[in-house]
Amino acid sequence: MAGNENGPVLQFAPFQSSVDEGFWHGLSSLKLNKLKTDESPISITGFYAPCSNPQVSSHLTLLTESLPTEPSDGLPTETSRGNRNKCSVPGILYNTNTLEGYHSLDKQGLLKAEAKKIWEDIRSGKAEEDSSVLMRFLVISFADLKKFNFYYWFAFPGLVLDPPATLVDLRPASKWFSLEEAESVSACCNEWRMSSSTADVPFFLVSISSNSHATIRSLKDFKACQQDGHKILFAFYDPCHLPNNPGWPLRNFLAFISARWNIKKVPFLCYRENHGFADLGLSLVGEALVQPSQAWQDQQHVPNAVGWELNKGKRVPRCINLSTSMDPIRMAVSAADLNLKLMRWRALPSLDLSVLSTTKCLLLGAGTLGCQVARMLMAWGVRKITLVDSGKVAMSNPLRQSLYTLEDCLDGGDFKALAAAKSLKRIFPAVEAEGVVMAIPMPGHPVPSQEEPNVLNDCRRLHDLVESHDAVFLLTDTRESRWLPTLLCANANKLTITAALGFDSFLVMRHGAGPLTIADEPKAEPVSSLSAGVKEMSLTQSDSKARLGCYFCNDVVAPVDSTANRTLDQQCTVTRPGLAPIASALAVELLVGILHHPLGILAKAEFGNPLDGGNSEQPLGILPHQVRGALSQFSQMILVGHSSNSCTACCPTVVSEYRKRGLDFVLQAINHPTYLEDLTGLTELMKSANSFEVDWDNETDTDEDCVEI
């Protein structure tokens, strides 16, 4: 195309955008984890390169690395420089909390604000030092994180030249240069593009001497080039492939040249490539006539701007749905964590999701309680769950035990532990669920000599399971089945939660720390008198450092066989259906509270009332020791019970004996019903109780002396 000073108005090919999926995933994570409800603008970085295909223009692209790692600092994204295929361009992102907020943004005002930044960079000379600021861009967006819909709109602010620039001449560069000039220009452009210090600098000067030798200089060297008397071309990386139109970056480049150096006739080079090397057949050289606007003399004046990207020829935003292209497991993880991450926005900023996701939970019992606890743990973000049970799924189970279906009951029934783990993975594929089929050895259930190797093997497996997990839930349906796990947890100092059900009542409690983990607690002697025993079992010990008790600390007898000589309703766990979900939820909430308490397993019992002497200031509220509830009264009590030095499961005497004798001790406790009572002093305590006499006052009080209690 050729013309003259009264030639046609110069038309610029609009810039086009492209957004990589990784950017949206990164924005989702940034929104959930850091931005939350903050709608402050975010500095981002776009990337583009000169056109390298005669049929396709280059796009300005947003990648995962376009986003900042810390949005609060307000600084642009730090990106590696010197990549010839990724010229960095500064941008700003406005991400709204609602779709209504997105649609109501003052788009023209935002465009004007970015244009003002460009104009100030031109006036101040910053554009000479960092020419990429001439290509500032703007993105507005709304991320629907439930449906994975992302609404967005790009703007590439272009300063309006008034009057418009006219085109004097425009030709392929190969027809504008002489043969010697073309060869020299190609060589120096290739050298410029190969250098790590200049490869991503999008605006530059091409200086051609009288002997056809070309050199490339940065914009800040313009005055030096003028003094040399060389022919100067104002060059830029042109993303456009069209043969008759320069790309969008030329618009602000012309405004910069006119305002900064007052040049009216501007020779320019639209630099384009082919296979990574300068292509002067595709590149364009032209001359534009720019008449400076009189308004530009006013220091307060800011030129008008255009630049909102068209969508299929219309000024409307774009929308992309990533649900079909995302990995189903990744989508499941994102959706599952959504509620937890939303908690951190306002209600619970201190929620530590990494602690929850890495805590390994061992569930002993995969029945009504085990199924509910497993579901609650997953809802809280726990991702590592092991279930232990020796039973099989019966026809009566699926209605109350939420992880099983009719298919699990057929052909004699699947093992509960395996079926539960399989069900958890169906519900949430990212969970690391494992089922272990084994029985828990129990005191009061003597073992024949031929069965001892199997029982000892089960003891070893249980020991290894407790050691390899962070938290243990005791969810079995008999009292004696909780004894060995309680002992092992006390020995290993593991977080231990017990949940037990009656017909219409429940107990949920956390066990205290192991007895041999508190340095200043002396080794206790067995209790030998009733008065000492009562004092030992008191719930109001004055010692502020006393350990919290375990499930067995209030017992005055060792656990025995609770299933012998029982009718069917006594053998089965017959409870009101609503009881297990309540107890399970409280058990998991108790664990989450411990994990977030600064003292963890050593946290004291809290009541949440003035008698407590200091209400909890923890974000999740109080951390009780025991919660006992009665569904018949719709009531709930918070209690505390300190450890007993006569406890058959966690006292120092029992734990020390286990450490000395190991499985021989366990086997003796299983086979000899009175062994634990003799060891801990409970036998002597009961003898003292039987010989204890009480003198009753047989005198009859008058009515006036009666007091209603």
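Predicted model: local features only at pLDDT ≥ 70, side-chain atom pairs only at ≥ 80, totals over all residues.
D389 is buried, yet no salt bridge pairs with it. Its nearest oppositely charged side chain belongs to K416, 5.2 Å away.

Now show the secondary structure. D389 sits in strand β18, which covers residues 384-389.

Next, pick G391. What does its backbone nitrogen approach? A polar atom of the D389 side chain, 2.7 Å from that nitrogen.

Display the surroundings of D389. Leaving out residues up to four places away in sequence, D389 touches these:

- G365, A366 and G367
- K416 and A417
- V436, V437 and M438

Move on to M395. Look for it in the loop between β18 and α12, the helix spanning 416-427. Is M395 buried or exposed? M395 is exposed, because its relative accessible area is 56% and the cut-off is over 50%.

Together with M395 they make up a nonpolar surface patch. The three share about 320 Å² of accessible area.

Finally, zoom out to the whole protein chain. It contains 21 helices and 24 strands. Of its 709 residues, 52% count as buried. Then consider contacts between residues at least 6 apart in sequence: 74% of them link residues at least 24 apart.

Terms used: Residues numbered from 1 in each chain as written. Heavy atoms only, no water. Helix = DSSP H or I, 4+ residues; strand = E, 2+ residues; numbered from the N terminus. Buried < 20%, exposed > 50% of the residue type's maximum accessible area, 1.4 Å probe, protein only. Lys, Arg positive; Asp, Glu negative; His and termini not counted. Salt bridge = Lys/Arg side-chain N within 4 Å of Asp/Glu carboxyl O. Polar contact = N/O pair within 3.5 Å; in protein donor to acceptor, adjacent residues only side chain to side chain. Contact = heavy atoms within 4.5 Å. Patch = residues over 30% accessible without salt bridge, like charges linked within 9 Å, V, L, I, M, F, W, Y side chains within 5 Å. Areas by Shrake-Rupley, 256 points an atom, 1.4 Å probe, with all protein chains shown as cover.
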